[in-house]
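User: I am new to this structure and would like a guided look at it. Could you take my questions one at a time?

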Amino acid sequence: MYKHSSNSYQSLKQWVWKQQYPPTRVDKVLVWEDVLQQSPDVRVKAALVTLVHEAELYTLRSTIMDIEARWNARHGYPWVILSDQPLTLRFRTWIRAATKAPIYFGQVSPAEWNEPEWIDQKKSERAALGMDINKVQNEERLHWRKMTRYTAGFLAQHPLLKDLEYYWRVQADARYQCDILQDPFEMMKRENKKLAFAAFSRESSTTTPQLWQAVQSFMNENRRDVYPLDQTIYPWVMELDREKKAQALQQPINSASHCMAVNNFMIASLDFLRSKAYKDFFHSLDMTGGFFYEGWSDSYIHTIAAALFLKHQQVHYVQNLGYHYSDTENCPVDSSVYGRLKCTCNPQPSLVSTDYSCTSQWLQLHHRSS
């Protein structure tokens, strides 16, 4: 009796799926004049952007419907759906049905997605195996490392974002559980904000043993590009008190607190992410191989870049969003705000209020700096 392997069975399933739901073409350009014809009320050249794969169809659809109901149905900002593989007609049909806003489907460049030529792939695979014993988990870990590197360094350069000023990063399976009454894109542009986040956490030191050495090396070689660190969020990232701010550049590398802004919700200035300083910073880190050998997260890279190149006033904390993803929570505790925004999230104190989240430290930094 013939016995098929699990790999051949999975290959057969994928082949059958592609016959039923073949991949479709990708969009190459986003013309802003076309967006205005469909959404004449948008005020900023901006889009909601997500990086997904086929299996995230239903979680992404749920998130899109949240954002549309809570905010975007009143504005009509376009959606940009990116993937490393062509998405099927079935995927596109169900996602298109979740919004009346313009929607574009793009594919990331394999040259930017895959390991660069200087990466030792066996070393990268061993590093992933060291963190995940299960083979499926290991494959997911390798995909995650490609995704974080791409998001940190290449997403802002995608052709579909070419003419945009800002993008709102959307994470599939995230929930938006409060009405959003203002236009965040308008606020960002009006107040010269460059990055906005809704939650904070701490990066694991086990995934960043060589990161701060690479950061320090870049700082030493590019001091002209780095803002005076007492004017940035650097003291928060390094957990420095007021007396230590003046000596921030001389702080030992291991003094980092590992506080970071979590970017599964992020609104970013594309001018900032395309700036020479940011691109030089990313390239310097990328050449070390740390995204693959250690598993550096794009959240931490964005946070450190903000600490080096932006004044603290240019980094915005979005409160009362009703945002939930995994163990990330942002829910108003003020009952009047909770009612006015028609929230359905849990307002009880959660991870947000703990030291692990770094939120209280963030608020203290901005209170002292104001």
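**A helix and its surroundings**

User: How many residues of H14 are buried?
Analyst: Helix H14 is mostly covered, with 12 of its 12 residues buried. Among them are Asp298, Tyr300, His302 and Phe309. Please keep in mind that this is a predicted model.

User: How far does H14 reach from its first C-alpha to its last?
Analyst: H14 has 12 residues and spans 16 Å between those two atoms, close to the 16 Å expected at 1.5 Å a residue.

User: What does the side chain of Asp298 meet in a salt bridge?
Analyst: The partner of Asp298 is Arg169, with N and O 2.6 Å apart. Asp298 belongs to helix H14 and Arg169 to strand E4, so the pair ties together parts that are 129 residues apart in sequence. Both Asp298 and Arg169 are buried.

User: Where does Glu294 lie?
Analyst: Glu294 sits in the loop between helix H13 (290-293) and helix H14 (298-309).

User: Let us turn to E4. Which residues point one way from that strand, and which the other way?
Analyst: In strand E4 (residues 166-169), Tyr166 and Trp168 point one way, while Tyr167 and Arg169 point the other way; all are buried.

User: In what sense does E4 pair with E1, and in what sense with E9?
Analyst: Strand E1 (residues 46-51) pairs with E4 in the parallel sense over 4 bridges. Strand E9 (residues 266-269) pairs with E4 in the antiparallel sense, over 4 bridges.

User: What are the partners of Tyr166 there?
Analyst: Ala46 stands opposite Tyr166, and in E9 the bridge partner of Tyr166 is Ser269.

User: What is the order of the strands in the open sheet of 3 strands?
Analyst: The order is E5-E11-E12, and the pairing is antiparallel. Strand E5 (175-176) and strand E12 (328-330) stand at the edges with a single partner strand each, so one side of each is left without a neighbour in the sheet.

User: How many bridges join E5 and E11?
Analyst: E5 and strand E11 (residues 323-325) pair over 2 bridges, in the antiparallel sense. The bridge partner of Arg175 in E11 is His324.

User: New topic: how many aromatic pairs does a search of the whole structure find?
Analyst: The search finds 24 aromatic pairs. One of them joins Phe154 and Phe282, an edge-to-face pair at 5.3 Å centre to centre with 85 degrees between the planes.

User: What about Phe200 and Trp236?
Analyst: Their ring centres are 5.3 Å apart and their planes stand at 75 degrees, so the pair is edge-to-face. Phe200 is in strand E7 (residues 200-202) and Trp236 in helix H10 (residues 234-238), 36 residues apart. Both Phe200 and Trp236 are buried.

User: Which residues do ring pairs link into a cluster?
Analyst: The cluster consists of Trp71, Tyr77, Trp168, Tyr176, Phe185, Phe265 and Tyr323.

User: Back to charges. How many salt bridges does the whole structure have?
Analyst: A search finds 9 salt bridges. One is between Glu165 and Lys189, whose closest N and O atoms are 3.0 Å apart. Glu165 lies in the loop between H7 and E4, and Lys189 lies in helix H8 (residues 184-190), 24 residues apart.

User: Are Glu165 and Lys189 buried, exposed or partly exposed?
Analyst: Glu165 is partly exposed, with a relative accessible area of 24%. Lys189 is also partly exposed, with 42%.

User: And where do Lys276 and Asp280 lie?
Analyst: Both lie in helix H12, 4 residues apart, about one turn of the helix. Lys276 is exposed, with a relative accessible area of 61%, whereas Asp280 is partly exposed, with 27%.

Conventions. Residues numbered from 1 in each chain as written. Predicted model: local features only at pLDDT ≥ 70, side-chain atom pairs only at ≥ 80, totals over all residues. Heavy atoms only, no water. Pairing = 2+ DSSP bridges. Expected span 1.5 Å × (residues − 1). Buried < 20%, exposed > 50% of the residue type's maximum accessible area, 1.4 Å probe, protein only. Phe/Tyr/Trp six-rings, centres within 6.5 Å; stacked < 30°, edge-to-face > 60°. Salt bridge = Lys/Arg side-chain N within 4 Å of Asp/Glu carboxyl O.
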